[in-house]
Amino acid sequence: MVIVNNNPETVSTDYDTANRLYFEPLTPEDVYNIIQVEKPVGVVVAFGGQTAIKLTQFLDKKGIRILGTSAESIDIAEDRARFDALLESFGFFRPKGAGVVTMDEAIAVAERLGYPVLLRPSYVIGGQNMTIARTEADVREYMTTILSGGIENPVLVDKYMPGPELEVDVISDGTDVLIPGIMEHIERAGVHSGDSIAVYPPYNLSDKFLKKICDCSEKLALALGTKGLVNIQYLIYDNELYVIEVNPRASRTVPYISKVTNVPMVDIASRVMLGEKLKDIGYGTGLATTPPYFAVKVPVFSFEKLSDVNSILGPEMKSTGEVLGIGKTMAEALFKGLTAAGFRMPSMIAGERTGILLSVEDHDFQEAIAIAKSFHDLGITLYATGGTAEAIRTLGIDVHTVNTSVRNWELDDLLESGKINYIIYSGAVKDATMGNYTVLHRRAIQLGIPCLTTLDTARALTDVIATRFNAFNTELVDINHMRTRRETLRFAKMQSSGNDYIFIENFDGAVLSPESLCVTLCAPHYGIGANGIVLIESSDVADAKMRHFNRDGSEGRLAGNNLRCVGKYLHDKGLVPADKDVITIETASGVKTLALFVRDGRVTSVSVTMGKADLDPGSLPTTLPADRLVDYPVEIAGDSWNVTCLSIGSPHCVVFRDQIDDLDLQHLGPAFENADFFPDRINTEFVRVVNKTTLRMRVWERANGETLACGTGACAAAIAAVENGLCQKGTDITVKQPGGDLIVNYTDDMVTLTGDTVLVFEGQLEY
């Protein structure tokens, strides 16, 4: 096999693939000279992109055999008139348009179609010289440039239809058709497919459209006489399917679909080109089996190396590479892809301050308002230019108005100080503000601030940030050993005083990424909904081992309510002897002993020994300069507070107040949790003393926010009350929480926590 490669970046891989490697330009003269020397039985153009496809007619006229799809079929796909006739024969829709060769024809067609229109040359490479024209002046400017260099093929003028775009990779042997996968773009049509974020499988496609796309793809592949690979791009507009174009070659999505679906597309296509049939190779027809993963292809740009360039995305391709993100959900896959492409995701649960600058055109105001609200709801500070800021304020949302003038020192300060973490810009491409944006974008790139020029990408960003994914709670997928189907997992939803968690038996170690699973399952509406998950595993030192994970996927050390629920689970499931009313559980904070209270063969409540209280500030840890933090004064959120800090398997900060119901925990909670002197974050209890044996408590849990109850928090509240002389040591103290009551007994040697345990429901899920 002989490979001709004009790309020096990939030569390092080709010598392992080919018997002979030529590093030459893909021009008619150079390729023909190589053919005369090598005298091959045929030539494959389908793997060389659009550059190789352009050589097809030349090679065919020279009598050189084209392996796979014929030169005639390739020309039908590339020639506007012939392709339109093919679509019409099937009754398939495509955006209305025509081929033109003069200025007057271009203007006439644009006026007939109605603006905006898409202008592009035939046999286009990478969207080169493509543009969206919104006025006659745009058409004149474009055609003047194109005609000045002379054209061999017509310029295509199409009605621009900004709907969802999809692309399908197809392998056909001329009789049967295999569809390894369909990808849906995040960005609507108008952004080049190479610059779009592509998602597999389609995330917003109905079964009806899925079947329609498969049927359409099969008919087109067979009608074109395809033997090998073909890439088809579709558009959905006004609930109708339109064919954008058919590329009779391999596309940039082939390696991604191949990896995720485990369908070796290039190998299969190569064998088909040489005459084998899909059935003989062992592959059926139609859409291939969908694996239990989402995959996203995210473009990578090199604007930091190119000064004063127009970075606004459009029909002409500007990306220089791409990365792959794989996850159980689309949000997880998108998080991985965006992170790999250079986006830095803020930790919203940690209260990290984040700011976003928005500047959009008038016709984007309605979409921008909705996106701004999503960012605002996430606690992100909004900055916007004049008109955009006024539009956002119509919803009553706080927004800081800034000016994007090149000499705007306020904006410079915002960028330099790190107050702006993202820029969303959809302003005009060719008006007077373009120079301002170019300067703004250049400085932002130098500071590592991503600039998004489509609102679709911005909307996807809000969805990812809201999921709380980070580098520590996403699943590490071994791309060489990916699961081929979804696995089933049984679970129990349990609660104690409203502290609800999802309990999963993991004795066989099947759950490899509990952090990622936790984020997915705990989401309300789209998951089961809970404060976290608990894995019940085998132990060499106790009856069982408990691992618990907070809603954001972070692993906790000790959770008293979860411990008691594990005791009920083990007894009621028969995993410990029925007559055994005292059991032990291994935790990250040591082995704990549980006393089970059984009624009618079921555990109704559990008492657990939590261990000794630890009042050493270093155990929290904290940087506060004291040997003991009992009634210690601090400044948090602009106010003075007296705190008592201790560890009972997890760190806690207790604050006593005469009134706790009127406290704004959504503001105070993150301020305490992320105070500078608590480097590992802390749980905070706001407590009112009712009497010597009764406390009322509201709790802010790190990673979970305000919850209905917290077992270790109740223990911390009782311990702090005793240490402050508000309750007596060695007595039962009832801690009343919004979710229910817990009883704590604190002595020098031990802290005991008692409360009810409830099985809410059991079920089965796929993951």
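The model is predicted, and local features need pLDDT of at least 70, side-chain atom pairs count only at pLDDT 80 or more, and totals for chains, interfaces and linings use all residues. Residues are numbered from 1 along each chain as its sequence is written, and side-chain values use heavy atoms, with hydrogens and water left out.

## An enclosed helix

Helices and strands are named here as DSSP runs numbered from the N terminus, a helix being H or I with at least four residues and a strand being E with at least two. Helix α13 spans residues 330–340, and eight of its eleven residues are buried, so this helix is largely enclosed by the rest of the structure. Buried means under 20% relative accessible area, exposed means over 50%, and partly exposed lies in between, with a 1.4 Å probe and protein chains only. The buried residues of α13 are Met-330, Glu-332, Ala-333, Leu-334, Phe-335, Lys-336, Gly-337 and Leu-338. Their cover includes the strands β9 (198–200), β13 (294–300) and β14 (321–327), together with the helices α18 (455–466) and α19 (514–522), where contact means heavy atoms within 4.5 Å. After α13 comes Gly-342, which has a positive phi near 110°.

## A parallel sheet

Five strands form an open sheet in the order β17-β16-β15-β18-β19, with parallel pairing. The edge strands of this sheet are β17 (400–401) and β19 (451–452), each of which pairs on one side only; two strands count as paired if DSSP finds at least two bridges between them. Helix α15 (residues 386–393) packs on the sheet and touches β15 (355–360), β16 (381–384) and β17, and the direction of α15 makes about 135° with that of β16. For such angles, axes are lines fitted to C-alpha atoms, for helices over the stretch in contact, and the angles run from 0 to 180 degrees between N-to-C directions. Strand β18 (residues 422–426) pairs with β19 in the parallel sense over two bridges, and Ile-424 has Leu-452 in β19 as its bridge partner.

## Backbone details in loops

Most residues other than glycine have a negative phi, and most peptide bonds are trans. Lys-39, although not a glycine, has a positive phi of about 50°; Lys-39 is found in the loop between α2 (28–38) and α3 (49–53) and counts as exposed at 64% relative accessibility. Ser-497 is likewise not a glycine and has a positive phi of about 55°, but Ser-497 counts as buried at 3% relative accessibility, in the loop between β20 (488–496) and β21 (499–505).

Two cis peptide bonds can also be described. One joins Tyr-115 and Pro-116, with omega about 0°, and Pro-116 lies in the loop between α7 (103–113) and β4 (117–121). Another runs from Tyr-200 to Pro-201, with omega near -10°, and Pro-201 is placed in the loop between β9 and α9 (207–223).

A further loop residue is Thr-757, between β35 (751–756) and β36 (758–766). Thr-757 is buried, with a relative accessible area of 4%, and, not counting residues up to four places away in sequence, touches Gln-495, Arg-564, Cys-565, Lys-568, Val-603, Thr-604, Ser-605 and Val-606.

## Salt bridges

The structure holds 33 salt bridges, a salt bridge being a side-chain nitrogen of Lys or Arg within 4 Å of a carboxyl oxygen of Asp or Glu. The table gives examples.

| Pair | N to O distance |
|---|---|
| Arg-82 and Asp-75 | 2.9 Å |
| Arg-94 and Asp-158 | 3.8 Å |
| Arg-547 and Glu-555 | 3.1 Å |

Arg-94 lies in the loop between α6 (80–90) and β3 (97–100) and Asp-158 in strand β6 (residues 155–159), so this pair ties together parts that are 64 residues apart in sequence. Arg-94 is buried, with a relative accessible area of 13%, and Asp-158 is buried with 4%. Salt bridges that share partners join Asp-84, Arg-94, Arg-120, Asp-158 and Glu-245 into one network. In the other pairs, Arg-82 counts as partly exposed at 29% relative accessibility while Asp-75 counts as buried at 15%, and Glu-555 counts as partly exposed at 41%.
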